[in-house]
Amino acid sequence: MYEQIASNKRKTIFLLFVSFLLLAAVGYAIGLIYGTGWVGLGIAVAVALLLQVGSYFSGDKLVLASARARAVTVEEEPRLHNIVEGLAIAAGVPKPAVYVVPEQAPNAFATGRDPEHSSVAVTQGLLETMNRVELEGVLGHEMSHVVDRDILYSTIVATLIGAIVLISEFFLRSWWWGGIGGRRSDRGNGNGGGLELILFAIGFAFLILAPFFGQLIRLAVSRNREYLADAQGAMLTRYPPGLISALKKIAEAPHAMRSANNATAHLWFDQPSRIQGPRTGKMERLFSTHPPIEERIRRLEEM
Amino acid sequence: MTVVWILLGVVVVLLLWAVFTYNRLVSLRNRVDNGWSQIDVQLRRRYDLIPNLIETVKGYAAHEREVFEKVTEARTRAMGATGVQDQAQAENAITTGLGRLIAVAENYPELKANQNFLALQEELVGTESKIAYARQFYNDQVARLNTLIQKFPSNFIAGLGHFEPKPFFEIDEPVRGPVRVDL
């Protein structure tokens with residue numbers, strides 16, 4: 001477990017670096033298209049640095065806000081609070097802050113920078129559909145993410161990918177509607193370089209592909225982490241059947257969620273908006289942030 | 001000259017190892033103490049709950065005197081217990097007694113519908129599972145500490161630093177205890 005924490009720290013640093021480069025490249029690509037080159041890069045580097053520092057300190061708040069999570073008191077949700085506190089004791093970490101997301105799909109996530117500054121959030125649907133043992137199973141999984149410090153990594157990735165998606169979409173749309181592209185072609189005529197046209201094409205293609213690269217980085221929040229958190233969560237509660245039965249209930253429940261977007265999908269306990277069942281295509285499997293539920297159940301049953 | 005350097009290197013490595021092992025022992029011992037105080041907090045919470053719970057059940061089932069007395073007696077004994085083993089035994093008595101109290105309550109539909117009782121029951125179930133989790137954490141840390149104290153060669157450092165193996169907090173029933181009510 002301690003080796004896991006150390007290796008997570010290394011991976012975190014590496015992936016932060018990669019997503020930083022990606023954001024910088026997006027900035028450079030925009031610079032190319034505008035014909036300002038390095039200025040775009042400079043701005044993007046500044047933005048990326050700001051975002052990483054910012055999300056280290058307040059990424060959790062951002063994630064919680066984007067999920068429209070609401071902090072609940074002990075009086076409002078005694079059962080939830082009791083379970084979270086119990087699991088925190090079992091894991092030997094301080095009790096995380098407890099949030100509820102107003103969604104009917106049963107789901108949960110954890111966020112924060114370290115166990116001392118962590119939060120867990122569950123959906124209203126999870127509270128309504130799960131009994132005590134099942135809720136413990138799900139929260140045990142989330143608590144493992146807290147203990148392993150997966151949460152810092154996931155939170156920062158969520159903010160960075162969010163920025164990449166936002167910037168490239170913003171750019172592509174404004175180009176599509178004419179404003180920026182027109183200006184560029186005016187300038188382009190003066191230098192008349194074929195080179196500039198090629199650079200323009202590369203930059204443009206890159207911007208279209210950037211969200212896709214972001215997706216790949218996000219996938220490196222490997223599905224293995226989910227298996228690991230399942231196993232560790234079951235070790236915390238010492239009761240794998242609880243988590244198994246929770247997973248089974250989730251597999252049958254509707255998945256669509258309004259407040260989960262592309263940037264935060266990997267944070268959740270179960271992948272939001274899953275197209276499920278045997279019709280699940282190869283591509284969807286390839287780009288899932290989470291392993292298929294049946295596989296998670298099977299591995300738990302083998303424990 | 002080379003021999004001196006090699007000897008010096010060996011000594012430095014040994015010293016580093018000794019410091020590292022000593023620090024590990026200290027932090028494990030602190031974790032054990034911390035784990036014990038966690039158990040203590042939860043046990044106290046349960047002591048506080050018992051009188052309230054008894055009062056509420058009494059309101060509906062006054063004649064179940066025997067059960068109330070058993071629980072109260074077990075509580076008094078547990079509060080006076082000293083040492084891990086003694087405490088564990090007394091707590092087992094409380095857990096059994098509370099299990100019977102809840103079983104008794106099951107026979108009174110009006111009681112089961114009482115908001116106050118339901119809240120207390122959730123508190124009790126929550127506290128019971130927190131005790132179980134705190135015990136689990138404590139025992140895990142004790143196992144790690146004791147292993148380090150007994151294993152060669154760290155046992156030398158443990159002996160020099162006067163580290164004693166700690167007792168486990170043991171209970172004689174299924175992990176979750178009988179008061180596991182599905183709410």
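Q: What is the bend of α1(B) at B:Leu49, and which residue follows within four residues?
A: The helix α1(B) bends by about 25° at B:Leu49, and the proline B:Pro51 follows within four residues; the bend is the angle between axes fitted to the seven residues ending there and the seven starting there. Helices (H or I, at least four residues) and strands (E, at least two) are DSSP runs numbered from the N terminus. This is a predicted model, in which local features need pLDDT of at least 70 and side-chain atom pairs count only at pLDDT 80 or more, while totals for chains, interfaces and linings use all residues. Residues are numbered from 1 along each chain as its sequence is written, and chains are lettered from A and ligands numbered from 1 in the order in which they are written.

Q: How do you know that the span of α1(B) agrees with its 57 residues?
A: At 1.5 Å a residue (times one less than the number of residues), α1(B) should span 84 Å, and its end C-alpha atoms are 84 Å apart, so the two agree.

Q: Which elements of chain B give two or more residues to the side that touches chain A?
A: The contact (C-beta atoms, placed from the backbone, within 7 Å) takes 14 residues from chain B and twelve from chain A. On the side of chain B, the elements are α1 (2–58) and α5 (115–150), and α5(B) gives the most, with nine residues.

Q: Why are β1 and β3 of chain A called edge strands?
A: The open sheet has four strands in the order β1-β2-β4-β3 (chain A), with mixed pairing. Pairing requires at least two DSSP bridges between two strands, and β1 (70–71) and β3 (108–114) of chain A each pair on one side only.

Conventions: Contact = placed C-beta atoms within 7 Å.
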